[in-house]
Amino acid sequence: MNFTFTDEQQMLRDAVAGFFASRYGLENSRSAVKTGAGWQPEIWRGLAELDVLGATLPEQVGGMGGGPVESMILAEEIGRALVVEPYVDTVVIGGGLLRRSGGESAEELLRTIVTGDARIAFAALEPTSGETRHDVSVTARRDGDDWVLDGTKIVVTSAPLATHLIISARTSGERRAKDGISLFVTEFDASAPPAGVEVHSYRTIDDRVGSDLTFTDFRLPATALLGTEGDAWPVIEPTIDEAIAAIASEAVGLMRKVLGDTVEYTGQRQQFGVPISSFQVLQHRMVDMYIELEQSIAAAYLAAFALNAEPAERARSVSAAKVTIARAARFIGQNAVQLHGAMGMTEELAIGHYFKRLTAIEREFGSADFHLARYAALTKP
């Protein structure tokens, strides 16, 4: 298999890396999430101007028509810079759901993602659903020409930043059935929610934002339905797999930065008159971290290259990558903090912020146990 990037892909990587290096400072981004709006609108506009937001979206909506490799490249650089802006929620998940659903309204919203005017949050998880996104209790029923939604969604990441919500709701079938799930899209402003929507927003441990949403007789027009009624699961499942592949690559970027900073720090910190990096036991520790990183890189590549494979192969590769990444994120993150000593968890040092994001990625879109079980089910004879 050829792992060499094309000239265009390398140019994309260099452009994005240069953009973040020159314009994305840790101090500014942490200030935005802790005391500001939770993101930097000027960075989002810059990503749109750089064609990053449309790099993986279809050409017919103004995108560049890139695929999984371009998504992998972008996600890794996002991880390396510890970007909090809602790229995965908007471009990977929102873009994936809209692209697969089709229709004029979906295409129009995709165009506004490319230009940076739309930000998407996907309301999928529920209080009783655990890690299974086809366990849907929120209901959508017809009332004349409208749809009426009732129920609760939790941990809707990026909802406080979103201009649009995509909501999964059950229009027929049993609670855990994969049939009978539909998708609805609506304009949204968490600071002034529409009638019938109660919003509870918060900051997550990795300095991102999310909301819990309660729908009570929430009315949507017939045009809010995306795709075919009751047939949303074949749209949702591959889109979530794309998101898992993206955060696997994001984790690679995070771990590259964490390991690099740890090697540099241990070369500077001295004890007994010599750098602590000269101690063999710490050298062995950092070699183990490097091995975990290399295994994660291979797993992220595997997931990215399998996204266009048949569904079972795609799902196996993505779950294998998630298990590998979850293990490595914990090992590299915890060892990096330990090797930095008490400084490792201070607000002033980058390492603590990277560790929090790696800790969140461990469970995002399913824990290692969930994906081990999924992989095992897919490999049964």
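## Domains

The protein chain splits into domain 1 (7-118), domain 2 (122-230) and domain 3 (233-379). These bounds come from an automatic or database domain assignment. The model is predicted: local features need pLDDT of at least 70, side-chain atom pairs count only at pLDDT 80 or more, and totals for chains, interfaces and linings use all residues. Residues are numbered from 1 along each chain as its sequence is written, and side-chain values use heavy atoms, with hydrogens and water left out.

## Domain 1 against domain 3

The C-alpha centres of domain 1 and domain 3 are 22 Å apart. In contact (heavy atoms within 4.5 Å) are 21 residues of domain 1 and 27 residues of domain 3.

The two domains bury about 2,100 Å² between them. Buried area is the accessible area (1.4 Å probe) that two parts lose on being put together, summed over both. Carbon and sulfur atoms carry 70% of it.

Three salt bridges cross the interface of domain 1 and domain 3. The rule asks for a side-chain nitrogen of Lys or Arg within 4 Å of a carboxyl oxygen of Asp or Glu. Arg 99 forms a salt bridge with Glu 242. Their closest N and O atoms are 3.4 Å apart.

## The domain 1 side

Helices H2 (26-35), H4 (68-81) and H5 (87-101) each supply at least two residues of the side that touches domain 3. Helices are DSSP runs (H or I, at least four residues), numbered from the N terminus. H4 gives the largest share, nine residues.
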